[in-house]
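Please keep the sequence and the 3D view at hand while reading.

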Amino acid sequence: MMATTNITGSGTQTTAFERLVCSPVWVGEFKQQSISFSAVNILLSITATLGNSLILVALHKESSLHPPSKLLYRCLATTDLLVGVVTHPLYATYWMSLVHEHWSLCRYAREASYITGFTLCGVSLFTMAAISVDRLLAMLLGLRYKEIVTLRRTYIILAIFWVVCLVAGLSSHLNYRITFWNTLISISSCLVISAASYAKIFRALSHHRAQIQDHAQQQPSRPNALNMARYRKAVYNALWVQLALIVCYVPQFTVRIVIFLSAKRFSNFFLIYGMAIVLMFFNSTLNPFLFCWKISEVRRAVKQTIRQAICYA
């Protein structure tokens, strides 16, 4: 029979749940699953660290991408690298502390992993929204794009993202209700901005395709056709990364909403909670494969880096 725990009192549900995940209330029946979660986190730590290190080296070598756009991808790869180096090991420590019933270590590892995960996921979400806006501006501004979207301005925007998310991460444990609503608003805003940007982009691309069909008798200038084809490819590349992030992140945020609203704690919440965390941070391992698969320039640079590493070994 599935065990339940009643938690009452407005605003205390999630705080109580956070205490339960570092207590023997449910952990006893899930020790084997905790070991599995720890092993998966260690594996994903290795793959995310190696994969994103290769992507950062490849982006450093790649010169055909517009510098501000490349900086946005480098920021995304950096957050994924830090997930592999910091967040995955912290969660592995958390799961193993449950197995060995080290409750003090469990609480420290849980809080540290939550803060780092909150910060890095926030930066990733903001960066993905910025990438969608960057692609939209490239279409709307035309030749003025490189004058307005500069490397300096992109650095400033990314610095703001990091500061805001770091402050939010450090203060996330102080008042969960405020943190929950701020997170919900931030996520919704990022998704709305991204959806609106891509909708406008694809509407413009459809209009451009219709114009070409209407003027089929007139030969379009070759440079313009090449530029539009390259732009369309860049948009689809960014969209694939955006969709992967949504698929990996939505289950975790859905679980948190359920935890926030529910007054009962079924023991299966513990398993669902763990699986949602693993899936969310799996995105950091998935992104390097998407970069290599969808961006031919990055794929070539990664192959070159691997060949050089093998030759030097």
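Of the 313 residues in the protein chain, 45% are buried, where buried means under 20% relative accessible area, exposed means over 50%, and partly exposed lies in between (1.4 Å probe, protein chains only). The model is predicted: local features need pLDDT of at least 70, side-chain atom pairs count only at pLDDT 80 or more, and totals for chains, interfaces and linings use all residues. Residues are numbered from 1 along each chain as its sequence is written, and side-chain values use heavy atoms, with hydrogens and water left out.

**Overall fold**
- The protein chain contains 11 helices and 2 strands; helices (H or I, at least four residues) and strands (E, at least two) are DSSP runs numbered from the N terminus.
- Along the sequence, these elements follow the pattern β-α-α-α-α-α-α-α-α-α-β-α-α.
- Among contacts with a separation of 6 or more, 84% join residues 24 or more positions apart, a contact being heavy atoms within 4.5 Å.

**A buried histidine**
- His 88 belongs to helix 4 (residues 67–99).
- With a relative accessible area of 1%, His 88 is buried.
- Apart from neighbours within four places in sequence, His 88 contacts Asn 41, Leu 44, Ser 45, Val 83 and Phe 281.

**Surface patches**
- Patches are made of residues with over 30% relative accessible area and no salt bridge, joining like charges within 9 Å and nonpolar side chains (Val, Leu, Ile, Met, Phe, Trp, Tyr) within 5 Å; a salt bridge is a side-chain nitrogen of Lys or Arg within 4 Å of a carboxyl oxygen of Asp or Glu.
- A patch of positive charge on the surface brings together Lys 146, Arg 230, Lys 233, Arg 299, Arg 300, Lys 303 and Arg 307.
- Helix 9 (222–261) and helix 11 (296–312) are the elements that give two or more residues to this positive patch, and helix 11 gives the most, with 4 residues.
- Lys 146 is placed in helix 6 (residues 145–148) and is exposed, at 61% relative accessible area.
- A nonpolar surface patch is formed by Ile 42, Ile 46 and Leu 50, which together have about 290 Å² of accessible area.
- Leu 50 is found in helix 3 (residues 31–61) and counts as exposed because its relative accessibility is 56%.

Methods:
Accessible areas come from the Shrake-Rupley method with a 1.4 Å probe; for residues, only the protein chains shown count as cover. Lys and Arg count as positive and Asp and Glu as negative; His and the chain ends are not counted. The place of a charge is taken as NZ of Lys, CZ of Arg, CG of Asp or CD of Glu.
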